[in-house]
Amino acid sequence: MKHIVVDLEMNPVAKEHREIRRKLNGEIIEIGAVRLNENFEQEDEFQCYVCPEYGMVKKHITELTGITQEKVAGRPAFSESFHSFVAWIGEAETKIYSWSMSDIKQLRKECRLKLPDFDVNWLDVRWVDLQQAFDDRLGLHNSLALKHALGAMGRRFEGSQHSALADALNTSAVLTLMQDDARFCETMRPVLEILEPSEGLSNSIGDLFPDLEKLKSNL
C-alpha cells in the first residue's frame, strides 16, 4: 500500500466566463504531493504549476500563494498536468490524503469539465479526509486548521504556507504521527487535557493553544 498526501492551490475563474463559472468556481494552478511507502516513510515528491484556462492569476492569489502569472504561463494545462500526477502515483494500491475534502471536490469538478472521460470514482475510492480523521481521533467537533494541528504536535510549519508541496509535506507529518497510537497520545496529551482539563492546568495549556481553547468552547 502506498500513501499519497496531496495539496492544491486554486485561482478563481474570471467573471467573464459566466458559463464556466456555473460549473467551476476556480482552477487548479499548483499540485503538490508526497508519496509514502507502506511504513509511512517518504519515497518521492511531486510538484507542478498548472496554467489556468479561464483567466489570469489574481493579485490576491499571488499574495496568498506566491504564484504569479509568470510562473504558470507556458505550463501545461490541467488535463496534461493531472495525467502526469496520476502517472506519478502509479498502479500500486494507493490511498490519497488531503487536509479537508475541498481538494477532492475541486478535482471532481475540474475533471468533469476538462477530462469528461476520466472516471472520478478512481479518486473517490482512494481518498481520505485526514483533517476529519485527526479531529475524530481527538474528539473535536470543529475542524482544526493544519497549522494549528502542527502547533498542537509541537511542530512548526516547514516552508511557506499555501505552497502546495510544503502543505503536502506538513500534512504527511500529521499522517505519520497518527500511525503510532502511543506516540500520538503522548504528543497530543496537552490537547487531550484541554478537552478534559484538571484543576490548575487548563489555563497554561490554553495559553499554549489559544485556538484550541476557542474550539473547546464550541464542544
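Reader: What is the bridge partner of Pro-12 in E2?

Author: The partner is Gly-26, and E1 (residues 2-12) pairs with E2 in the antiparallel sense over 10 bridges; strands (E, at least two residues) and helices (H or I, at least four) are DSSP runs numbered from the N terminus, and two strands pair if DSSP finds at least two bridges between them. This is a predicted model, in which local features need pLDDT of at least 70, side-chain atom pairs count only at pLDDT 80 or more, and totals for chains, interfaces and linings use all residues. Residues are numbered from 1 along each chain as its sequence is written, and side-chain values use heavy atoms, with hydrogens and water left out.

Reader: And how many bridges join E2 to E3?

Author: There are 7, with the two strands running antiparallel, and Glu-30 stands opposite Tyr-49 in E3.

Reader: Which residue in that hairpin takes a positive phi?

Author: Phe-40 does, near 60°, in a hairpin with 5 residues between the strands, although Phe-40 is not a glycine.

Reader: Is Phe-40 buried or exposed?

Author: Phe-40 counts as buried at 15% relative accessibility, where buried means under 20% relative accessible area, exposed over 50%, and partly exposed in between (1.4 Å probe, protein chains only).

Reader: Switching to H9, how many of its residues are buried?

Author: In H9, 12 of the 14 residues are buried, so the helix is largely enclosed by the rest of the structure; among them are Ala-164, Asp-167 and Leu-177.
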